[in-house]
Structures are given as structure tokens and as C-alpha cells.
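Please read the following note with the structure open beside you.

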Amino acid sequence: MDETAQRVRAERFAALTRPLYRGKMILTKEGGDGRLKTLILNGSPRKNGDTAAMIAHLQAQLRGETKIIRAYDGKIAPCTDCRACKIKKGCVISDGMQAVYAYLEECDHVVIASPIYFSELSGALLSVASRLQTYFSARFFRKEEPALSRKKGAVLLAGGGTGDPVRAYTTASELLHYMNVQEIYPLICSHNTDRIPACKDEAVLKQIGRAAAFFNDAGEAASDL
Ligand SMILES: Cc1cc2nc3c(=O)[nH]c(=O)nc-3n(C[C@H](O)[C@H](O)[C@H](O)COP(=O)(O)O)c2cc1C
């Protein structure tokens, strides 16, 4: 890689490590059992792979409860563009996504975790994510604000080391936006897994610890980090 390409890559990485949304966001828990709730979308087919290791490390440090959706479980079908949600709230496909919609109405945090495939999120995760179209339809076709609580979010990526994670992160950020995530923690990416597995990537493990603190402290904003 020549010097200019290296500089451009370094600048893009630096941009990724800054929070996407700034400003204070105070989460207050009203109703329910008052426990923080985190939805984690896991785009890896490997049950004990790099993405799973990062998720486990985060989960171990998170307050409250977590719900993990594995895109490769096959319980969630892709959107078929039937267009029913242009007219009516929700989604007509009756499958595992219905529980995700319900959880999204009340959870505090959303984490997108995925291996990088061809510089993108994994295809299975994108397939699950296509079901978020109903929120797009709410805003742009039905002119309604989706009934989603305001959330904090984070993106965990694992990559063997080729290319860069910009495209995957951009896609993940857009998806978080659909789920009403107002603040996104700076990108966490173990991007050398061909040589160092994520579970031994000390820098990434530390970042995950800080992300857990960001989630656990309902008053802390990414701009304070
Ligand atoms: C189909 C496929 C495409 C991949 N594309 C990329 C890529 O574009 N960039 C990269 O850094 N790694 C790429 N990888 C490597 C994986 O992202 C890497 O091995 C990752 O750590 C796997 O995570 P997991 O164990 O959580 O599934 C690819 C792997 C596969 C199977």
C-alpha cells in the first residue's frame, strides 16, 4: 500500500472511532422491571468464533438482561417486499422477528455484531435486517413515528484483515438508526483475526469493557468518552 493510500485508510479509521451522534442522552427507565435491556444481533455462523467471543465478553460486563438473535438460526425470514407495511404497522410474516419487534419497543441498547464478509456485514445478518423495512415504511410512507424507545448502540466487527471495515460499519450504523439508536459507541473491530483471534485481541477486549461502561451508565454520553 502506498503512502497516500495508507494515510487515507488511517484517516478513515480515525473517523470511525469517533462517536456518530453527539450530545447528551439520558436514559430513564420507567415502568417494567427497571432493568437495562440489550438486544444483540449476531451475524456470525460460527458459534464459538470471533464475533461470539466479542459478544460473550460484552455480555459478561453488561448490567441487566440481553437477548441475542443469531442470524444463522434460520428463524427469521427475509423481507419479501410485499409492501403491506406501507399501509399497516408491523410485518405480516409471522416468525422469530415478531419477538424482535416487541423487544425493540422497550430495549435500551442495540448491538450489531458481525464478521466482515466482502467488506460488508454477513449476508444472513443483512437478511434479518431487511425486516427493519417496516420502520422505514412507518416514517416515509405511513408518516408515523415508530413506537421505539430511544437507544444507545454499538457495532462489533471481526475481520481476517483484508480491506477495511468502513462499508460494514456504515451499513450497521444505518440499521441502528432505523432502530432509533441515538448514540453509537465508536466502532470496535478486531481486524486481524487470521493471526490473532478476537478473544486474544487485548485492545479490542479493553474497548469492549469501555463500551459496557457506556451502556451501563445510563447517563453517560459517547461524547464524554
Ligand atoms: C465469505 C467470507 C468473506 C470474508 N470477507 C472478509 C473481508 O472482506 N474482510 C475481512 O477482513 N475478512 C473477511 N473474512 C474473514 C472473516 O471476517 C473473519 O475470519 C472473521 O474473524 C470471522 O468471524 P467469526 O468467527 O465471528 O465468524 C471473510 C470470511 C468469509 C467466510
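1. K151 stands opposite V181 in β5. The chain crosses from β4 to β5 through helix α6 (residues 166–178), and this β-α-β crossover is right-handed, that is, clockwise along the path from the first strand over the helix to the second when the strands point away from the viewer. Strands β4 (residues 151–158) and β5 (residues 181–184) run parallel and are joined by three bridges, where pairing requires at least two DSSP bridges. Helices (H or I, at least four residues) and strands (E, at least two) are DSSP runs, numbered from the N terminus.

2. This is a predicted model, in which local features need pLDDT of at least 70, side-chain atom pairs count only at pLDDT 80 or more, and totals for chains, interfaces and linings use all residues. Residues are numbered from 1 along each chain as its sequence is written.

3. A56 lies in helix α2 (residues 50–59). Is A56 buried or partly exposed? A56 is partly exposed because 14 other C-beta atoms lie within 10 Å, between the limits of 20 or more for buried and 12 or fewer for exposed, with C-beta atoms placed from the backbone. The C-alpha atoms of A56 and C199 are 9.4 Å apart, although 143 residues separate the two along the chain.

4. The mean pLDDT (the predictor's confidence in each residue, from 0 to 100) of the chain is 89, and 83% of its residues reach 70 or more. Over residues 19–28, however, pLDDT stays under 50. Residues 220–225 also have pLDDT below 50.

Terms used
Contact = placed C-beta atoms within 7 Å.
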